[in-house]
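This report goes through one structure in short sections.

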Amino acid sequence: MNYNIALLKGDGIGPEIVDSAVRVLEEIGKKYGHVFNFTPYLIGGSALDACGVPLPQETVDGCLASDSVLLGAVGGPKWDTLPGNMRPEKALLGIRAAMELFTNLRPAKLYPALKGDCPLREDIVANGFDIMIVRELTGGIYFGERGMREAKYGEEAYDTECYSRMEIERICKVAYETAQKRNKRLVSIDKANVLDSSRLWRKIVHEMESQYPDVTVTDMLVDNAAMQLVRNPAQFDVIVTTNMFGDILSDEASQITGSIGMLPSASLGNTKRGLYEPIHGSAPDIAGKNIANPIATILSAAMMLLYSFDLKAESQAIVNAVDKVLAAGYRTADLAHGAPSLSTTEITDKIIENL
Ligand code: NAD
């Protein structure tokens, strides 16, 4: 098959890690008989420098015309003093909105070979963990009515958490289907003891339960979930939650894996076209040194193969190659703790050898 992929390399380490993922995809193409056509577009600081805006229309058009999008990272000190709407990070919200991506899939997996990097006690993570967080991405308090007003005690600011039935149903559908593809356990996280929006969320989660008889769904309050993630992360398989709860819990989950350079993500909408990116930023402190860990981006490409192109074997081949390379003891500097390490290109070579 032929697939057209828009590449948004971005800033800092973005170009280095996206180049690694491209090399891995090209090798997959050779091995499995696919052609991946890559078209680069500007985004973030590099777009600001070249065209004066963080998200040029040409980039939006190119992404919408592609089969899927692979993004590195944006931002850096050079652009930190620009006003909010001209910041490189603004481009991320812009491209997600333009592509109508309402689902964010954030896996948090503890690799057996990296248990030593996990900040949790050894007995807690003895069996590792592998969690998929399904976060609603375009609704809730980040997009609700907001404002400033004069009130009884003077100046007051407010933000509104609001979810419609349509928004809840479509994210729950993704979550149930994701659970069906994994261990069939879904935990829905809300604050239904306090919030009306959570009570509607919970009601709809259970209305949909009968359509997915093979999935066991339970509810958990968000405060408890924050505790359970560090008390016993292995209890979770798939989590579904709102935009803000997902924002916070997915960062907590990523921290307990101990390795920011390892975690991919996918943002999806109603079509097969998705936006795939590592969860970390542009790491300007190590940019251009060929020492960044490319694995989060390589695993983002693996998620693209699975979710956008339905190439299960090809996707799994990448995941297995990463597992093998880590199990063999190869590490980039961020995971080597001062021991000898491989460069970005060298670890990419190792992954390609193991495909
Ligand atoms: P960061 O994730 O870029 O870096 C945090 C720390 O982790 C740094 O020490 C960095 O060297 C290290 N790190 C990150 N990714 C790594 C990798 N792949 N390999 C090895 N080490 C890695 O976060 P930050 O420093 O807070 O932000 C830097 C810039 O990135 C800022 O401009 C920020 O706005 C931007 N940012 C962009 C995104 C995105 O593009 N999605 C996300 C977060 C931050």
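The model is predicted: local features need pLDDT of at least 70 and side-chain atom pairs count only at pLDDT 80 or more, whereas totals for chains, interfaces and linings use all residues. Residues are numbered from 1 along each chain as its sequence is written, and side-chain values use heavy atoms, with hydrogens and water left out.

Ser-267 sits in strand β11 (residues 264–268), and Asn-104 in strand β4 (residues 103–109). Helices (H or I, at least four residues) and strands (E, at least two) are DSSP runs, numbered from the N terminus. Ser-267 counts as buried because its relative accessibility is 0%; Asn-104 also counts as buried, at 6%. Buried means under 20% relative accessible area, exposed means over 50%, and partly exposed is in between (1.4 Å probe, protein chains only).

The side chain of Asn-104 also reaches the backbone oxygen of Ala-266, at 3.2 Å. Leaving out residues up to four places away in sequence, Asn-104 touches Ile-133, Val-134, Arg-135, Leu-137, Ser-265, Ala-266 and Ser-267, where contact means heavy atoms within 4.5 Å. With neighbours within four places set aside, the contacts of Ser-267 include Leu-101, Thr-103, Leu-137, Gly-274 and Glu-277.

## Around the ligand

The ligand has 20 residues around it, and Val-74, Glu-89, Gly-281, Ala-283 and Asn-293 come nearest; a residue is near a molecule or strand if one of its heavy atoms lies within 4 Å of it. The shell divides into nine nonpolar, seven polar and four charged residues. Here Ala, Val, Leu, Ile, Met, Phe, Trp, Tyr, Cys and Pro count as nonpolar, Asp, Glu, Lys and Arg as charged, and the others, Gly among them, as polar.

A polar side-chain atom of Glu-89 is 2.4 Å from a ligand oxygen atom. The ligand taken alone exposes 800 Å², of which the protein buries 68%. Accessible areas come from the Shrake-Rupley method with a 1.4 Å probe, and for residues only the protein chains shown count as cover.

Helix α1 (residues 14–32) has 19 residues and reaches 27 Å from its first C-alpha to its last, close to the 27 Å expected at 1.5 Å a residue. The expected span is 1.5 Å times one less than the number of residues. Buried residues of α1 include Ile-17, Ala-21, Val-24 and Ile-28. Just after α1, Gly-33 takes a positive phi of about 75 degrees.

The end C-alpha atoms of helix α5 (residues 165–181) are 24 Å apart, in agreement with the 24 Å its 17 residues should span. Among its buried residues are Ile-168, Ile-171, Cys-172 and Ala-175.

## Positive phi in two loops

Most residues other than glycine have a negative phi. Lys-184, which is not a glycine, has a positive phi near 65 degrees. Lys-184 lies in the loop between α5 and β8 (185–190) and counts as partly exposed, at 32% relative accessibility.

Asn-290 has a positive phi of about 60 degrees, although it is not a glycine. Its place is in the loop between β12 (274–278) and α9 (295–307). At 29% relative accessibility, Asn-290 counts as partly exposed.

Notes
A polar contact is a pair of N or O atoms within 3.5 Å; within protein, one must be able to donate a hydrogen and the other to accept it, and residues adjacent in sequence count only if both atoms are side-chain atoms.
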